[in-house]
Amino acid sequence: MKRILVLDGHPADGSFCGALAQNFADNAAQAGQEVRIRHLSAMQFDPDFGQSGFKDAKPLEPDLEALWQDILWCEQFVLAHPLWWGGLPAKLKGLFDRVLLPGTAFRYVEGKPLPEKLLKGRTAQVLVTSDTPGWFYRWVYGAGTRKQLEKQILNFCGLKPAGYHMFSPIRGSADKDRAAMMNRAGALGRKAA
């Protein structure tokens, strides 16, 4: 049995992105995995890191502390998020700014250019909803958010990327297209072991 944390990274409740995250989580649980799910829309915290340096970062609010404990608990982190303006929604980016801190998620090492990854031993999958077709996102836009997430956020802290899955285009999709996307998210959840 694998411990899986699913973060629905859409800032609004009731989104299709959230439904994909829930379907992934439900199918992983039905396949025998131990699953926890968190919804960004239900979390209360200040997403602004503010003017402070890392040494005097503000204390984590209860929702962020609970998420951090779930990150420490999990063996696989699954993030579902919408692609907004070619990037992460501001509240989701603020969550990463506030939670993934030096001394807990990574540690700077004297004389080394890159920090020690303190979340090693965990994998990460990403599910992305977008109005932009996947081929256009990759070939024209250069998949910038994927590079940021996989290299500069997840892997930077030790969460080894294990899958990046586009669900698109959402805008104008027919019911049969959305049903196929839901089936795909469920299949990914069943294979998460």
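How are α2 and α3 oriented relative to each other? The legends below start with that pair, and the model throughout is a predicted one.

**View 1. Helices α2 and α3 pack against each other.** Two packed helices are described by the angle between their axes and the distance between the axes. Here, helix α2 (residues 62-73) meets helix α3 (residues 90-99) at about 75°, and their axes are 11 Å apart. Angles of 65 to 115 degrees count as roughly perpendicular, so α2 and α3 are roughly perpendicular to each other. On the α2 side, look for L64, L67, W68 and I71; α3 brings in L95, R98 and V99. Sorted by class, that contact has six nonpolar residues, one charged residue and no polar ones.

View 2. To get your bearings, find W135 in helix α4 (residues 134-139).

**View 3. Two spots to check along the backbone.** Most residues other than glycine have a negative phi, and most peptide bonds are trans. W85 has a positive phi, near 50°, though it isn't a glycine. You'll find W85 in the loop between β3 (76-82) and α3. The other spot is the peptide bond from S168 to P169, which is cis, with omega near -10°. P169 belongs to the loop that runs between β7 (159-167) and α6 (175-190).

**View 4. K58 and D46 form a salt bridge.** Side chains of opposite charge can pair when their charged atoms come close. In this pair, the closest N and O atoms of K58 and D46 are 2.7 Å apart. Both K58 and D46 lie in the loop between β2 (34-39) and α2, twelve residues apart. Across the whole structure, a search finds eight salt bridges.

Key
Residues are numbered from 1 along each chain as its sequence is written. This is a predicted model: local features need pLDDT of at least 70, side-chain atom pairs count only at pLDDT 80 or more; totals for chains, interfaces and linings use all residues. Side-chain values use heavy atoms; hydrogens and water are left out. Axes are lines fitted to C-alpha atoms, for helices over the stretch in contact, and angles run from 0 to 180 degrees between N-to-C directions. Helices (H or I, at least four residues) and strands (E, at least two) are DSSP runs, numbered from the N terminus. Angles under 35 degrees count as roughly parallel, over 145 as roughly antiparallel, 65 to 115 as roughly perpendicular and the rest as oblique. Contact means heavy atoms within 4.5 Å. Ala, Val, Leu, Ile, Met, Phe, Trp, Tyr, Cys and Pro count as nonpolar, Asp, Glu, Lys and Arg as charged, and the others, Gly among them, as polar. A salt bridge is a side-chain nitrogen of Lys or Arg within 4 Å of a carboxyl oxygen of Asp or Glu.
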